[in-house]
Amino acid sequence: MSHLKIDISHISKFVELSEIKASKDDLQKALSFLKNKNGPGNNYLGWVNLPIEQDSAIIDNILKDVEGLAKDIDVFVVIGIGGSYLGARAVIEALDDFMMCCQSDEKRPYPQIIYAGHNLCQDYLFRLLKVLDNKSYAVGVISKSGTTTEPAVAFRMIKQHMIKKYGVKKSKNRIIAITDKAKGALKSMADTEGYTSYVIPDDVGGRYSVLTPVGLFPMAMAGVDIRALISGAKDLAKHLAETDDIFKNPAALYAICRNILYRKGKQVEILAAYQPALYYFIEWWKQLFGESEGKDNKGIFPAGVTFTTDLHSMGQYIQEGVRNIFETTLHIENPKHNLELPKENEDLDGLNYLVRRQIDFINKMAEKATIMAHVSGGVPNLSVVVPRLNAYYLGQLIYFFEYSCALSGYMLGVNPFDQPGVEAYKKNMFKLLGKPGV
């Protein structure tokens, strides 16, 4: 199988090849931190070899538990926030062909995935509970501690709903806990109540956890081929580890280029996709880079757009606004489906010149035209080239961004694996709520 690639041809007006080559020493230091596990945050590097060392027994157990549970439910509720749900949602929504809004009379082949615990909106939770009144459902609660406010509130509410609906004993068989292996409130609850549980590895932080049971269990419940996902990540992990040439290592090249652009005043990176299905992949990417790099008054601000939709809103700013931005485009080479534009005799909309053209061809030309326009307007553009949107290549894409994010953070001079700033709002919130001991 081929690997994804990085196309840097559209930054040539902004970055010289000599500048990329001159970054080799900084890159080697960052690579050494990862390989030798001696850099800042080195106790959270379990994700580096995870795809290669993935325990097949864990995959087997997930698939077995999913098979046993899925046949009896219509909905699976994923309770988590940040890295505890974004990775799974990114993959599930990228691969879900089944549009329920248009298929109301047809049974889904897998349970519908609904998300909770990622906000504190009362109306959202109220509506969710109303939906669950009339659905057969199970829950996957994901939290290392079990005390993070958003998922803890959602789990308490949904657990009580479940007990009223199914009773205490049956409810226990409908709850999957993904948590710490030895400690924490959720671990204690799982042991006491007898929930089926999976472990979040100690050496893998939340935003790097999508290839652990945190992401794999919900994805398997949604019908994602998690073996193919792991295989894609594994193949790219081996390629990156074995490739010393900067220009043949897409993660290293991406990390170098974005750091050079940052030093030249490009403080905002916009990740652009031309497939709406990648919306939540962009959200996952935003968390990955935002939490990893945004500290010590440093870091590139991660933003996202879905084109061509956002060309009719954010396109104006990108084209002619403040020149402190660069773009990275997710370029998917081959669509999943074939769809040609039909002919109309009167051609009132003037589209007959595109008759028998694939819609994807039109989309690709819009992508090419946009890159040309933005580059000419002073916006450098990188492209991540992915052969197709399937589980295998999504596995590659996940690992590519994880690896490049770690390298980029180290090259920036920060610890890519902590997030001390996240605690600031929590401390204030707990004081305002009157939490005991705060």
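In this predicted model, Arg258 is in contact with Glu269, Phe289, Glu293, Ile300, Phe326 and Ser408, when residues up to four places away in sequence are not counted. One of these residues, Glu293, is also linked to Arg258 through a polar contact of 2.9 Å between the two side chains. Arg258 itself belongs to helix α12, which covers residues 250-263, and its relative accessible area is 1%; because buried residues are those under 20%, Arg258 is classed as buried.

Elsewhere, five strands form an open sheet in the order β3-β2-β4-β5-β6, and their pairing is parallel. The edges of this sheet are taken by β3 (112-116) and β6 (196-199), each of which has a single partner strand, so that one side of each is left without a neighbour in the sheet. On average, and with direction ignored, neighbouring strands of the sheet are turned by 20° against each other. In general, the strands of a sheet pair through backbone hydrogen bonds, in either a parallel or an antiparallel manner. Strand β5 (residues 175-179) runs parallel to β6 and is joined to β6 by four bridges, and Thr179 has Val199 in β6 as its bridge partner.

Two helices are considered in relation to this sheet. Helix α4 (residues 56-70) packs on the sheet and touches β2 (75-79), β4 (137-142), β5 and β6, while the direction of α4 makes about 150° with that of β6. Helix α7 (residues 149-166) likewise packs on the sheet, where it touches β2, β3, β4 and β5, and the direction of α7 makes about 155° with that of β4.

Key. Residues numbered from 1 in each chain as written. Predicted model: local features only at pLDDT ≥ 70, side-chain atom pairs only at ≥ 80, totals over all residues. Heavy atoms only, no water. Buried < 20%, exposed > 50% of the residue type's maximum accessible area, 1.4 Å probe, protein only. Polar contact = N/O pair within 3.5 Å; in protein donor to acceptor, adjacent residues only side chain to side chain. Contact = heavy atoms within 4.5 Å. Pairing = 2+ DSSP bridges. Axes fitted to C-alpha atoms, helices over the stretch in contact; angles between N-to-C directions.
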